[in-house]
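Please keep the sequence and the 3D view at hand while reading.

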Amino acid sequence: MAALCEGYTLCVFVPAANRRSSEIKGIEEERDSDHVIVTDSSRSVTLYKVSDQKPLGSWTVKQGQLLTCAAVFNKQTNEYVAVSDNKVIRIWKEDDIILDKAFKATVSADVWSVHCAHRAEPAVLFQRGAVRLLDSLLSAPQQPIEDVLVQDEAIRSRTSVVFTHHTQKRDYHFLYLQRLKPNSVQKYRLEPEEPGLSPLSFWASYRDKNICLLYLYPNGHVYQSLVSVRAPVADDGAQVVPLPRDQLLSLPVGEELLEAASAIFLDDAHVAVVGVPHPSAGPGKDFLCIWNTNFQTLQAAKEMAGKLYGQLWSFSSKLFIPHGKALSVIPFSCPRSSLASALGKLKQSKTSTVVSSWNTILHGEEAAAPKPVESRKTRTTRKTQSSLSLTIDQVQDLIKTAPVEEVEKEVQGLLSRQDPKDPQPSLGQLAMALVSRSLADPKFYSSRALTQLVPTRYLSHSVCPDLLPLALEKRDYFLCQLCLLFFHDIPEAVTCACLKAFISLSDADAEKLSLEPDSVSFMEMLLSNERGQTGLQNGFSPAFCQEDRTDAVDDPKAKAKEKKKASPQQTCPVGKHKAALINEILQTAYSEALLLPHLKDFSSDQVVLFLRYLEFLYLRYSTDGSSQTHGYRSPSLNQVMDWVCMLLDAHFTVLVMSPVAKGLLLNLQPFVKSQVRLFSELGKIEGSLQELSKMKMKKDVGQYSIEVIELY
């Protein structure tokens, strides 16, 4: 899963009053990934070593002069190139102290920017669209510069990775792709968006022999266009070619359009976005976010202090973002995109330890392979075909007005026509439409449609943050279970809200629920083996529990009394359906630091009931290794113990003072002692095992041999 690491401040600046943009005109990579040059909006160019967070050099033009484009570094000559007052090209080296004494040349037309691709010769883009290689231009600085743009057409932005620039003529937007060898230009026309909307940002990357363009609109739509590097070039650039596009994301923008925002590629599956509201945060908060474009999930977010200016740069797994009065550097990581990583935190059960019984070890019984999780609703959906063939957009419009029965029928038909191998990120928009209408219209709620959409794996909590709270409000616990099963980015506050609702649910009401079949089958298997085995397995047995619990009692009569009632709880304190819901909580990914504050809101009765159920699970796992080799999806012993520890940490004082919890705590004490005894015994034989490894084995012991080895 993509992650944003702890950032640090590279430099500070003083923003001008009432300005929408920061004082930073541009940032370019210098000799390597640890050096960048920062051009401010007035007079200075500064070289920084990023890892040391300190400037290595700074150059300033005279008072009254202005730097009008970002400086670049020519790696072929180890020189810096910048433009002041639109027409004066300045070139200098790192050891030059006074910028005014370095080389400068005045050209005949206004310059828009200087472009320097990796290991390539710098090129100059003029404001009227013409392009010249720097060396060719400096050989005759006053050479005439032609106008490439038509009347009323002006450059709005340019990209740094490949030589493209975006222009606007009234409500029409164009993209120019400049090829330097040979010198040619191709003009593309962007597909129109809503009237009056212009792209806020452009970003380009080179991938698979194609130029991949990314652009963001004020309505939150993020588009991608692919341009082949070897595409045919029209003569003199006269032909305007339509530029096809694909929508990658539809970001939440709230009630108002975006004003200052940017989106850039991090890799082929991740996009960093700044200036767009966080889906779950309130208004007025500025965030830097990473979205997965394959699955439309929010992977990471970081709230930024101060005003955001919609500027963002990326070099060597580091994001550079101006905010408030600072330029911050935020390292990031984007692992290879997959369903497991893109949907959030990985399930702990993926790497959990299965506790094996001695019978399994001695007789070599293999654990059954886990069964793939498939809901009853999903199986029904695949068998159903819709009589109509509406598109996703048509179904989304239908949701706004149609009755529940018609909506469910069309959603079911739509899903039955989908190819499972064909990604459909727009299904998230469909779920959002269903949730939005359910929140606005109390009489409308389509449980069936939502339970069909969740298992498609194109939804997540970040895509549809109101879905799980809506299911809790409607007491739709089957939908809650599916969300917990398929969403891996659920906030800890929502996880605790689900847990509290499940614990408060009566067993009678829970037994009426239709839940995921495997989860109920696991509980049926566990309850059918409640008698269990009474021998010592995995360092624990009820007999030892009795000894451990009565060790602290000195009075013989009291000791006998305690021993009589000391058998640990072997009866499940909740019904199987209620237990199946709680098991989903145990397997949900979480951060302990974020979860603990919410656990403290539970009442003592809820905590005691939850602990009793965890005690039951621990007993079953400890006394019967087959409890985890059944092939059903279920919580692991490690997960059970983690929750026990967190509950004790959150409610230790209350539990110690509560008479109701006294017996429970006495039962939990031998669990700890049994584990301590197990590890103690393992520690004792550590030296023996080391001695065995040092002993010299006889080369020929025959086909059968009995040997007595004295260790002590």
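Contact, in what follows, means heavy atoms within 4.5 Å.

## A predicted model and its confidence

The structure is a predicted model, and the mean pLDDT of the protein is 78, with 78% of its residues reaching 70 or more. Confidence is highest in strand β9 (residues 88-92), where it stands at 94, and lowest in helix α3 (residues 358-363), where the mean is 38.

Residues 345-388 have a pLDDT below 50, although this stretch has 82 contacts in the model beyond near neighbours in sequence. A further stretch with pLDDT under 50 covers residues 562-567, for which the model has 11 contacts beyond four places in sequence.

## Two helices that cross α18

Helix α18 (residues 604-623) packs with helix α11 (residues 492-504) at an angle of about 85°, and the two axes are 10 Å apart. Angles of 65 to 115 degrees count as roughly perpendicular, and α11 and α18 are therefore roughly perpendicular to each other. On the α11 side, the residues that meet α18 are L499, K500, I503 and S504, while Q606, L609 and F610 are their counterparts in α18. By class, the contact of α11 with α18 has four nonpolar residues, two polar ones and one charged one.

Helix α16 (residues 576-586) also crosses α18 at roughly 85°, with the axes coming within 12 Å, and α16 and α18 are therefore roughly perpendicular to each other. In this contact, α16 contributes K578, A579, I582, N583 and L586, and α18 contributes L609, F610, Y613, L614 and L617. Sorted by class, the contact of α16 with α18 has eight nonpolar, one polar and one charged residues.

Helix α6 (residues 404-417) and helix α7 (residues 427-440) pack at an angle of about 170°, with their axes 13 Å apart, and that makes α6 roughly antiparallel to α7. Their contact is made by V407, V411, L414 and L415 of α6 together with L427, L430 and L434 of α7. The residues of this contact divide into seven nonpolar, no polar and no charged.

Strands of a sheet pair through backbone hydrogen bonds, either parallel or antiparallel.

Side chains of opposite charge can pair when their charged atoms come close. The count of salt bridges in the model comes to 15. The side chains of K75 and E29 meet in a salt bridge, at 3.9 Å from N to O. This pair links distant parts of the chain, 46 residues apart, since K75 lies in the loop between β7 (67-74) and β8 (79-84) and E29 lies in strand β3.

## An open sheet of three strands

Another open sheet has three strands in the order β11-β12-β13, with antiparallel pairing. Here β11 (111-115) and β13 (131-133) stand at the edges with a single partner strand each, so one side of each is left without a neighbour in the sheet. Neighbouring strands of this sheet are turned by 20° against each other on average, direction ignored. Strand β12 (residues 123-126) pairs with β13 in the antiparallel sense over three bridges, and A123 stands opposite L133 in β13.

## The surroundings of K318

K318 has its place in strand β28 (residues 318-323). Although K318 and P331 are 13 residues apart in sequence, their C-alpha atoms are 4.2 Å apart in space. Which residues are in contact with K318, leaving aside its neighbours within four places in sequence? They are Y8, V50, W313, V329, I330, P331 and F332.

Conventions
Residues are numbered from 1 along each chain as its sequence is written. This is a predicted model: local features need pLDDT of at least 70, side-chain atom pairs count only at pLDDT 80 or more; totals for chains, interfaces and linings use all residues. Side-chain values use heavy atoms; hydrogens and water are left out. pLDDT is the predictor's confidence in each residue, from 0 to 100. Helices (H or I, at least four residues) and strands (E, at least two) are DSSP runs, numbered from the N terminus. Axes are lines fitted to C-alpha atoms, for helices over the stretch in contact, and angles run from 0 to 180 degrees between N-to-C directions. Angles under 35 degrees count as roughly parallel, over 145 as roughly antiparallel, 65 to 115 as roughly perpendicular and the rest as oblique. Ala, Val, Leu, Ile, Met, Phe, Trp, Tyr, Cys and Pro count as nonpolar, Asp, Glu, Lys and Arg as charged, and the others, Gly among them, as polar. A salt bridge is a side-chain nitrogen of Lys or Arg within 4 Å of a carboxyl oxygen of Asp or Glu. Two strands pair if DSSP finds at least two bridges between them.
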